[in-house]
Amino acid sequence: MSIETLTTALRADGSFIRNVTAWRTLPTKGADTTVWPADLNPCIAEAGRRLGIDVLYTHQTRAVETALRGENVILTTGTASGKTLGYTLPLLNTLMRDPTATALLLFPTKALAHDQIAALEQWIGALQVPLALRPYDGDTPQHHRAAIRNEARILVTNPDMLHLGILPHHTRWTRFFSGLRYIVLDELHTYRGIFGSHVANVLRRARRVARFYGAEPQFVSASATIANARELAEAVWEDPVVAVEEDGAPYGQRHVIFYNPPLLNPDLGLRAGASGEAIKLTLKLLQAGVQTILFARARMTVERLLRELRERATDAGFAPDAIQGYRGGYLPQERRAIERGLREGKTRVVVATNALELGIDIGALDASILVGYPGTIAATRQQMGRAGRRAGASLSVLIATPSPLDQYLISHPEYFFGHSPEEARVNPDTLSLLAAHLTCAAFELPFEQNEPFGKAPNVGALLTALGAEDVLHEHNGRFTWVGETYPAQGLSLRSATADNVVIQSTEGDMIGTIDRPSAPTLVHEGAVYLHGGDMYLIESLDWEQGIAVARPGELDYYTIATASMQVERLSVRRTVGALDATPQLTDEEVRVHIKPEAYRRVQQGTHETLGWGEIDLPEQVMETEAFRLTLPTALVEDLAEAGVMLAPLDYGPAWPQIRETILARDGQRCRVCGITAQPGHPLDVHHLTGLRTFLAQYPRQEALRLAHAPENLLTVCSSCHRKLERARGARTALSGLAYLLRNLAPVFLMCDPGDLGTSVEARDTESGLPAIIVFDGVPGGAGLSPRLVDLWPRLVAATLERVRTCPCADGCPSCVGPAGESEPGAKAAARQLLERMAEGDFWKMPPL
C-alpha cells in the first residue's frame with residue numbers, strides 16, 4: 001500500500017482521526033543546486049561525480065566556500081540535507097594541498113563516528129589519494145594506537161577520548177597537533193548544558209595545545225535546526241562563526257501527524273497509553289507494507305514494544321525477525337546487521353532509542369512513529385526526518401504522553417514547522433568546571449600567571465587559588481601539576497563535579513555514576529533507578545564511600561523523594577519589575593540547601609501512592625543560578641478576595657496541647673512582628689508547611705506527625721496570621737505554576753525537566769512575600785534558569801493555555817500535577833494567578 005493510500009485510509013478511520021490534533025502535509029520541495037566551487041581542487045569534483053554527486057546543494061556550496069576563505073562555519077539545515085559535505089570537502093581540499101595538514105573530527109557517539117568513517121573512506125577511495133583516516137576511541141586496540149599517532153591525517157574520535165586519551169598525552173601527538181588545520185564538531189546541538197560546557201573547555205585546551213605546536217585550527221560544525229545555532233557555536237569556539245541556514249536540499253511530500261491518545265477519565269486527566277497506541281498504528285503500517293521506524297525514549301520501553309510487536313506480528317503471519325530493536329547495549333555486529341537489514345528492506349520495522357536519531361545510514365524509510373516527545377524540537381525533527389525520500393511521500397506521527405510538555409506541544413505544531421524556539425546554552429565559566437579544566441590544562445602545559453584560557457574570566461586569580469590549595473604548584477608565576485596521576489582521569493564530561501557516586505550491581509559490576517549532589521534523591525536506599533531505560537532497585541547507599549548497590553528488576557512502581565529545601569540568595573544580577581503592583585523577576589546566584597527526608601512508592605499508570613520510606617542522609621549544599629518570581633502584596637490580597645485561601649482543617653485531638661507547647665516555646669510572642677498576647681487578642685500557631693500538603697502525600701496519622709513537628713510551627717499574632725494565610729493561598733497557586741514551569745520551560749530552554757529544580761515559598765525570606773524559585777540543578781549552573789527572565793511573557797502564555805485547555809477537574813499529570821500530589825485547589829488557584837498576571841493590571845512588564 002502506498003503512503004497516499006494509507007493516509008487516505010487513516011483520514012477515513014474515525015477512531016484514529018478524532019484523536020489527531022494536527023495533520024500537516026508538507027509539499028514536495030525541489031533542490032536548489034550550484035556548480036562545484038571554483039576554489040575546490042578539480043580532483044574533488046571529479047571524485048564526487050564518480051560517487052554520483054554531479055552538483056552541490058546551495059547550502060553545501062556556501063559552507064565550503066566559507067571554510068575555504070578561512071572562516072569558521074556552522075551549517076544548520078534539515079535532517080538528511082547532506083551537511084556532512086560542508087566539512088568533508090574543505091578538509092579534503094586542504095589535506096590534498098598541504099601534506100603536513102591534519103584534521104580532527106569529533107562526533108558525540110561512536111556509532112555515528114564509524115558511520116562517517118565509511119562515508120569518508122568512499123571519498124578517499126574515489127580520490128585515490130593516500131590520506132590516512134583513522135578512528136581513535138575506547139574500542140581502538142592498544143597495539144594499533146602508536147601507528148595511528150604516527151600516521152593519522154584525519155583523526156575521528158569523540159570529546160571524551162580527546163579529553164582523556166589525547167590531550168594529556170599530546171607529546172605523543174606532536175606531528176598531528178603541529179599540522180592541525182581543522183577541528184570539526186558534528187551534531188553541535190547535542191553539546192549543551194553541562195556536557196556542552198565541559199566540551200567548550202576541552203576545546204580551549206585543544207586550541208592551547210595546538211598553539212603550543214604552532215597551529216591555529218579552523219572550526220567547522222554541523223547542527224540540527226535550533227534558534228541560536230550561531231550563538232552556541234561562538235560560545236563553544238569563542239571566535240566569530242558564520243552560520244549557513246538556507247536549506248537547498250530536496251524533500252518529498254511528508255505527512256506529519258500529531259496524535260493525542262483518547263481520554264479515558266476526564267476528571268483525572270487519564271489517557272490511553274502512548275505505547276499501546278503506537279503498537280496499533282505500527283501493526284497497520286506493517287500490514288500495509290510500509291517500512292517503519294518506531295522511536296522510544298528508554299531502553300526498557302524499546303524492549304517492551306519489541307516483545308509485544310513481535311508477538312502480535314507473529315499472530316498476524318509475519319516473521320519475527322522482520323521486526324528488530326536498536327539501542328545502546330547491542331553489540332556492534334548486531335547493530336551493523338540491523339542497519340544492513342533496513343537498507344536492504346529485509347527489516348520492516350525497527351524499534352529504537354535515539355541511538356538511531358543521529359545521522360547513521362539506514363536508508364530512507366517510509367514512516368516514523370515517535371512514542372512521546374523526544375525532549376527537544378531538534379530531536380523531534382531529526383527522528384521524523386529518518387522517514388522520507390528525495391521523491392515520494394512519507395509519514396511521521398508524534399504520539400503524546402500525559403506529561404505537560406507533551407500535552408502542550410501536541411497542540412502547538414507551529415513550534416515544529418516554524419522557526420525553532422529552542423536555545424541551547426553552555427556555561428564553560430562555571431567555577432567548578434573551569435577550575436577542573438584549568439588543572440587538566442596545567443598538567444598538559446604549565447600555565448603562566450597572565451596566560452589566557454580562551455575567554456574565561458579571572459584565570460590568574462583562579463590559578464593562584466589552586467596554587468594556595470596545593471592543587472597546582474606555583475613558582476615564579478608559573479603553575480604546574482605535581483600529582484602522581486593526570487587530573488583528566490577524575491573528571492567526567494557528563495557531571496558537574498568530580499565527586500561522584502558509583503552505582504554498581506549486586507555482583508559488583510559497575511552500572512554507572514551520578515554526581516553526588518543528585519545522589520540523595522535519586523539513588524537513596526529503596527529508590528527505583530533508571531539507567532539507559534533499565535530499571536534497578538537501590539538496595540544500599542554508602543555515602544562515605546560513594547557506592548550505591550543496585551539490583552535489576554521489572555518493578556510496577558517508581559519512587560519520588562521529598563526534601564526540605566532552603567534557597568539562599570547570594571547576589572542579584574538582574575531585576576525586572578518594581579514589586580509595587582507588579583510581580584518581580586530576578587536573575588540570581590543562590591545557595592541551595594537540600595535535606596532529603598522521605599520517599600514515596602508510586603504505582604505506574606495510576607500514580608497511586610503505595611507506601612513511603614525515610615531517607616537518612618546529610619544535607620546537601622549547592623551554589624547555582626536561579627530565577628525568582630515574587631508576587632506583590634496587592635496581587636496576594638487580590639487572590640485572597642477571589643477565594644484563593646484554604647478552609648480550616650481538623651488538626652487532630654492532640655492539637656490543643658501541641659499549640660500550648662509552641663506558645664510557651666516562643667515566649668507568648670509573635671515570631672513575625674514581636675507583639676505579645678493582649679486581652680481579647682490571643683496568639684495563633686501557624687504551620688509553615690500546611691497540613692493539606694502533607695495530607696496529599698501521606699496517611700492522616702503520618703501527615704499530622706509531620707505537620708505538627710515543632711520546626712514546622714510558629715507563634716504569630718492574628719494580623720500576621722492573616723498575612724501568612726493569604727500567602728499560603730498564593731502558595732497553592734504557585735505550587736501548580738511551579739510544576740508547569742518546570743515541565744514547560746524545556747520548550748524554550750532545550751533541556752529536560754530534571755535539569756531544573758523548583759522551590760515554592762509562602763513567605764520568602766528575601767521579601768516576606770510569596771515567591772517561586774527555579775534553579776539550575778547542577779553546581780555552578782548551566783545558564784538555563786536566568787533565561788526565564790526574558791522568556792517569562794511567553795511562559796505565562798504557555799502555562800495559562802495548558803491550564804485552561806486541560807480537561808481534568810483539579811489537577812493531573814498533564815497540567816499542575818496529579819490530584820494526589822499537587823496541593824488541593826492548585827489548578828483553579830494557578831489559573832486565577834496566571835490570568836491576573838497575563839491579563840490584569842498586575843502584568844505591566846517592560847518590553848524586552
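Arg 208 lies over the face of Phe 447, at 3.8 Å from the ring centre. The charged end of Arg 145 sits over another ring, that of Tyr 136, 5.3 Å from its centre. A charge sits over a ring if NZ of Lys or CZ of Arg is within 6 Å of the ring centre and within 35 degrees of the ring normal.

This is a predicted model, in which local features need pLDDT of at least 70 and side-chain atom pairs count only at pLDDT 80 or more, while totals for chains, interfaces and linings use all residues. Residues are numbered from 1 along each chain as its sequence is written, and side-chain values use heavy atoms, with hydrogens and water left out.

**Rings that pair**

The count of aromatic pairs comes to 17. Rings of Phe, Tyr and Trp (its six-membered ring) pair if their centres lie within 6.5 Å; planes under 30 degrees apart count as stacked, over 60 as edge-to-face and the rest as tilted. Two edge-to-face pairs are shown here.

| Pair | Centre to centre | Angle between planes |
|---|---|---|
| Trp 36 and Trp 123 | 6.5 Å | 65° |
| Tyr 136 and Trp 173 | 4.9 Å | 90° |

Trp 36 lies in the loop between strand S2 (33–34) and helix H3 (42–50), and Trp 123 in helix H6 (residues 110–127), so their pair ties together parts 87 residues apart in sequence. Helices (H or I, at least four residues) and strands (E, at least two) are DSSP runs, numbered from the N terminus.

Tyr 136 is in the loop between strand S6 (133–135) and helix H7 (142–151). Its partner Trp 173 is in the loop between helix H8 (159–166) and helix H9 (174–178), 37 residues apart from Tyr 136.

Trp 123 is buried at 6%. Tyr 136 is buried at 2%, and Trp 173 is buried at 0%. Buried means under 20% relative accessible area, exposed over 50%, and partly exposed in between (1.4 Å probe, protein chains only).

Ring pairs also build a cluster: Tyr 136, Trp 173, Phe 176, Phe 177, Phe 212 and Tyr 213.

**One cavity**

A search of the whole structure finds one cavity of 30 Å³ or more. On a 1 Å grid over the protein atoms alone, a cavity is a set of points where a 1.4 Å probe fits but cannot get out; lining residues have an atom within 4 Å of a point. The largest cavity holds about 30 Å³ of space. Its lining includes Leu 263, Arg 271 and Ser 814.

How values were computed. On a 1 Å grid over the protein atoms alone, a cavity is a set of points where a 1.4 Å probe fits but cannot get out, and a pocket is an open set with protein on both sides within 12 Å along at least five of seven lines; lining residues have an atom within 4 Å of a point. Grid points are joined across faces, edges and corners, and a volume is the space filled by probe spheres set on the points.
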